[in-house]
Structures are given as structure tokens and as C-alpha cells.
Amino acid sequence: MMTNRSTAAALHPALSSTSIGALRLSNRLVVAPMSRVSTAGDGVPTEAMRRYYAAFAEGGFGLVITEGTYPDLAHSQGYADQPGLATDAQAAAWRPIVDAVHAAGAKIIVQLMHAGALSQGNRHRGETIGPSAVQPKGEKLPEYGGSGPYATPRAMNEDDIRDVLDGFARAAVRARDVGFDGVELHAANGYLFDQFLTTYTNTRTDPYGGPVENRIRFAADAVRAMRGVVGSGLLIGTRVSQAKVNDFTYRWPGGAEDGKVIFAALRDAGADYLHVAGEGRGWRQGAQLPGGVSLTEIARHVGELPVIANGGLDDPALSARVIEGGHADLVSIGRGALANPDWPRRLAEGAPFEPFDRAMLHPYASIENVEQWRRSRAALG
Ligand SMILES: Cc1cc2nc3c(=O)[nH]c(=O)nc-3n(C[C@H](O)[C@H](O)[C@H](O)COP(=O)(O)O)c2cc1C
């Protein structure tokens, strides 16, 4: 019997429905968080952002995770033009975005991000904070308006730790009040919570430094702080990674054993899902360990929670293998979704995908830049 392309595609395992906690999702396809630096510098979400996020929902994604959003007006902001959830005005401007995504049938989670030592722009005249006074590797990201080396951060004291946790708790309340389905703690890719988890940026000798049980404590505390104020009324997810925007090669020194400690700590703190980012090298190299086992699979077994895999999973064969092989429950797609906001629809219909083009993010990784890129492509015919 002949199987046509669309019948074959319709059987793709990512197209089946699923749930995260009480949140019912029409499929397992998630838009990965992507910083879009598209506010007017005040951190207030815009109409262009509404169009941008609605397009993913209209294109069939079951879940949209927003770009990293700063929770407080102290040190958390990473980039000029990044959106915040730190003021009532910022919160109110998220509401049309949330409503547009819901109206198109998808769910939306806001990613809360503290940049820590990787901040390229905050209100404290450039002072950055981090677990220890260790200068970050690499250089500021030009596509978010940065240049030159990162500053050496001030080592956080107990008051700083408490202030950061308070900021996340307040932002979680705002997220719930504007109708987000959940929040995701950004503990990946080299930002503040990952700076605590990473051996070479955390030289603390208090309960937040030393063994991996201690280095994951701050992220777990943040989950607890948010859970303490929103109760069971809001999903709380966590995103972790081995690699970082400023160091693609870092791997957890204890490999799978570190993973078990990390995932168990986040589960015990009350996380509803675990998201493993594939920054730099993708799921294949970032999450697979020697012997074929993957970090995402370990997260599923240890965490006993839904797991989102990420990194190069806009390859339909690979995402099918990840889901069918028990490596993850959902897959998040970043660059492939930028090039194809209707990626799920294309998968279901067996339609071809547009390739991602780095020019979509250069010189500035904004929505305007992508729209400009599409206009010039259309003009070329
Ligand atoms: C333009 C851009 C912005 C990103 N911003 C974020 C972010 O705000 N938070 C985050 O956790 N990851 C961010 N990432 C990483 C992506 O979520 C994802 O992990 C990465 O692109 C790999 O997935 P992919 O191969 O599907 O693109 C960003 C990636 C891109 C390309």
C-alpha cells in the first residue's frame, strides 16, 4: 500500500497530545526560549512581540516558551531592549501576548532569567553580580549589542541571594496574574544559576559552593521561593544545560552522576518539568553520554517529570528518535522555529522547511531584523 508524505508525517510522535501537570498540550512541539531584544529599552513588551509570539501558536506549536525575561530592577537584566516582568507596566504589556497565544490554541510559559555575571546591561551602571568574583570566559554577545570582555562580578552575599529569590517570587506572581500558564527558571547557558552550578565560576565555601548538591541549591531555592507564593496554581519548570553561551565545551564534571543530583534537587524543590538546553552543540552532543544514555533520559527517570529535549531537534528523524526512544516527552525548537514559525503545520502536512539563516540574527537579534530579512527574501522572489 502506498503511504503518502502527509500520512507518514501525521504519524510523527511529536504531533501527539500530552500534558505537563494539569496543562494539556495539543502536541509535543515547544518553541524554545529565544532572546529577541525588541523592546524600546524600557523592558515593556511590544506589538511586534505580540505578532511574533502569536505566529508560533497559529503555526501549530502546542507550547511557547518566551525569551529570557528579567524579574527585578536590580542586577538581573542581561541586555538592553530585553523585556522584563519586574514592573506593573511590563506585566500589563505581556497580557495581549498571552491572550493572542491562547486565542490561537497554544499555551505560553514565561522564561525568567537572571544574567548574573553575563549581564551586558543593567541599571546598576554595569556592576554585575555572581557567585564569586571570577571574570567570565569569552566576550559579550554582539547580536545583543555587547562588545569586549565581561566585567568581573561582585561576589553575592546573603542579602543579594535573598533579593534575587524575592525578585523571582514577585515575578512569578505577576506571571500568574497576567495569565501565563507557567514560568521557567533559566538555570542554563551560563547565566546566574548556571554560574552557581559551574565549578570554575563558583568558588564559594558556604552551602552554595563545593559539591554539586550545594551548587544546585540556589536554583532549587528559586523554585521553592516561587512555589511558596504561587502554590499549585502555576507551572514551574527549570532549564539546565552543560554548555554555555560563553563556553560550548563545558560538561558537568561528574557526568550522569551530577545529572542525577541536579534533576533530583529540582524535582524535590517542586519543579513541574525539566528542560535540558542544547546550547552550542545540540542534543546529540550536548545530552548524549558515552554508552548511548542521554541526560534527558536520566532526567526522565530521576525526575519522574515531563522532560523537554532541545538542540537540533528541527530534524524530524532525530526528534522522532528522541521521543520514541524514551529520551524525552517533548522537544523544543529554536532556530528552526525562527525560520518556520509554522514548523508543526509543515511537519503535519509534509511540507518542506525553510533553512535557518544566520542573517536572521545579525547584526542584531531582534524581531525587526527577522521581519527585514523576510521582506528582503520576498523581494528577491
Ligand atoms: C536568537 C536566540 C536567542 C536565544 N535566547 C535564549 C534565551 O533567552 N533563553 C534560553 O534559555 N535559551 C536561549 N537560546 C537558546 C535556544 O533556546 C536553544 O537552546 C538553542 O537555539 C538550540 O536549539 P535549536 O537547535 O533548536 O536552535 C537562544 C537561541 C537563539 C538562536
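Visitor: How do the axes of α8 and α10 cross, and how close do they come?
Guide: In this predicted model, the axes of helix α8 (residues 255-269) and helix α10 (residues 295-303) come within 9 Å and cross at roughly 45°, where axes are lines fitted to C-alpha atoms, for helices over the stretch in contact, and angles run from 0 to 180 degrees between N-to-C directions. Helices (H or I, at least four residues) and strands (E, at least two) are DSSP runs, numbered from the N terminus. Residues are numbered from 1 along each chain as its sequence is written. Local features need pLDDT of at least 70, side-chain atom pairs count only at pLDDT 80 or more, and totals for chains, interfaces and linings use all residues.

Visitor: Which α8 residues meet α10 there?
Guide: Among them are Ala256, Gly259 and Phe263 of α8, while the α10 side includes Leu295 and Ile298, contact being counted if C-beta atoms, placed from the backbone, lie within 7 Å.

Visitor: Switching to the ligand, how many residues surround it, and which are closest?
Guide: The ligand is surrounded by 26 residues, the closest being Ala32, Pro33, Gly68, Gly334 and Arg335, with a residue taken as near if its C-beta atom, placed from the backbone, lies within 6 Å.

Visitor: Which element gives the largest share of that shell?
Guide: That is β8, with three residues.

Visitor: And what is the strand order in the barrel?
Guide: Eight strands close into it in the order β3-β4-β5-β8-β9-β10-β11-β12, with parallel pairing, where two strands pair if DSSP finds at least two bridges between them. From one strand to the next, the twist averages 25°.

Visitor: How many bridges join β9 to β10?
Guide: Four bridges join β9 (residues 235-244) to β10 (residues 273-276), and Gly237 has Tyr273 as its bridge partner in β10.

Terms used:
Contact = placed C-beta atoms within 7 Å.
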